[in-house]
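Please open the structure in a viewer and keep the sequence at hand.

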Amino acid sequence: NTTPTEHSRSISSHLIYSRRRLIIIMGAYSIVEIFAAMAEAVPSSKFPAKTVIMNVDGTCFRIDGAAKTVTPCSDTDENADLQVKTSLEVLEKLLAKKLTPQQAFMKGLLKIKGNMGLAMKLTVLVNATRKQLIKQEKSKL
């Protein structure tokens, strides 16, 4: 038998190295930290030139795929192509690959209003953000 430390080791307060890949530790990031990483990830991602309002536990951010920006906003912005509402816990599960956006939606953990085709592209955004968070943590080592 092997001990858990042989399978995983902590490399920072936010990541764990397990089975030869980095895993984001749930509960390690604030909403602001996640959206800051998202803001850095959006310009290089293949996210469509559309607008998404994402409300996470009452904190709202506007993701502008055309301008390639992520900025704080009002929850009442009706001009968005897509509005998403969820909790920080669910967002962390998405980033940790414990849940897909489609699974979260089907379980009622992700509320969607607007362009459902664009909602299917949330995986692109989540993956780009995850890569950015890992990149940031690696640079701290």
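Is Lys 97 buried or exposed? Select Lys 97: at 54% relative accessibility, this residue counts as exposed. Here buried means under 20% relative accessible area, exposed over 50%, and partly exposed in between, with a 1.4 Å probe and protein chains only.

**Before going further**

The model is a predicted one, in which local features need pLDDT of at least 70 and side-chain atom pairs count only at pLDDT 80 or more, while totals for chains, interfaces and linings use all residues. Residues are numbered from 1 along each chain as its sequence is written, and side-chain values use heavy atoms, with hydrogens and water left out.

**The whole chain**

Display the chain as a cartoon. It contains six helices and eight strands; helices (H or I, at least four residues) and strands (E, at least two) are DSSP runs, numbered from the N terminus. Read from the N terminus, the order of elements is α-β-β-β-α-β-β-β-β-α-α-β-α-α. Of the 141 residues, 42% count as buried. The chain exposes about 8000 Å², and carbon and sulfur atoms supply 54% of that area; accessible areas come from the Shrake-Rupley method with a 1.4 Å probe, and for residues only the protein chains shown count as cover. Contact means heavy atoms within 4.5 Å. Among contacts between residues at least 6 apart in sequence, 56% join residues at least 24 apart.

**Helix H2 and its cover**

Select residues 31–41, which form helix H2. The buried residues in this helix are Ile 31, Ile 34, Phe 35, Ala 37, Met 38 and Ala 41. Now look down the axis of H2: these buried residues fall within an arc of 155°, so they line one face of the helix. The arc is that of the directions from the helix axis to the C-beta atoms.

**The nonpolar core**

Which residues have the most contacts inside the largest nonpolar core? Select Phe 35, Met 38, Met 54, Ile 63, Leu 82, Val 84 and Leu 122; the core has 32 residues. The elements that give two or more residues to this core are H2, E4, E5, strand E7 (82–86), H3, helix H5 (116–119) and H6. A nonpolar core is a set of buried Ala, Val, Leu, Ile, Met, Phe, Trp, Tyr and Cys residues joined through side-chain atoms within 4.5 Å.

Remain with Val 84, which is found in strand E7. At 2% relative accessibility, Val 84 counts as buried. Leaving aside neighbours within four places in sequence, Val 84 is in contact with Val 52, Ile 53, Met 54, Asn 55, Leu 110, Lys 111, Ile 112 and Leu 122. Draw a C-alpha to C-alpha distance from Val 84 to Asn 55: the two are 29 residues apart in sequence and 6.1 Å apart in space.

Select E5 and E6, which pair in the antiparallel sense over four bridges; two strands pair if DSSP finds at least two bridges between them. Ile 63 stands opposite Val 70 in E6. Four residues lie between the strands of this hairpin, in which Lys 68 takes a positive phi near 60°, although Lys 68 is not a glycine. At 27% relative accessibility, Lys 68 counts as partly exposed.

Select Glu 89 and Lys 93, which both lie in helix H3, four residues apart, about one turn of the helix. Their side chains meet in a salt bridge (3.6 Å, N to O). The structure holds one salt bridge, defined as a side-chain nitrogen of Lys or Arg within 4 Å of a carboxyl oxygen of Asp or Glu. Lys 93 counts as partly exposed, at 28% relative accessibility.

Return to Lys 97, in the loop between H3 and helix H4 (101–106). Phi of Lys 97 is near 60°, a positive value in a residue other than glycine.

**Helix H4**

Finish at Gln 102, which is found in helix H4. Gln 102 is partly exposed, with a relative accessible area of 28%. Leaving aside neighbours within four places in sequence, Gln 102 is in contact with Met 120 and Thr 123. Gln 102 and Thr 123 are 21 residues apart in sequence and 8.6 Å apart in space, C-alpha to C-alpha.
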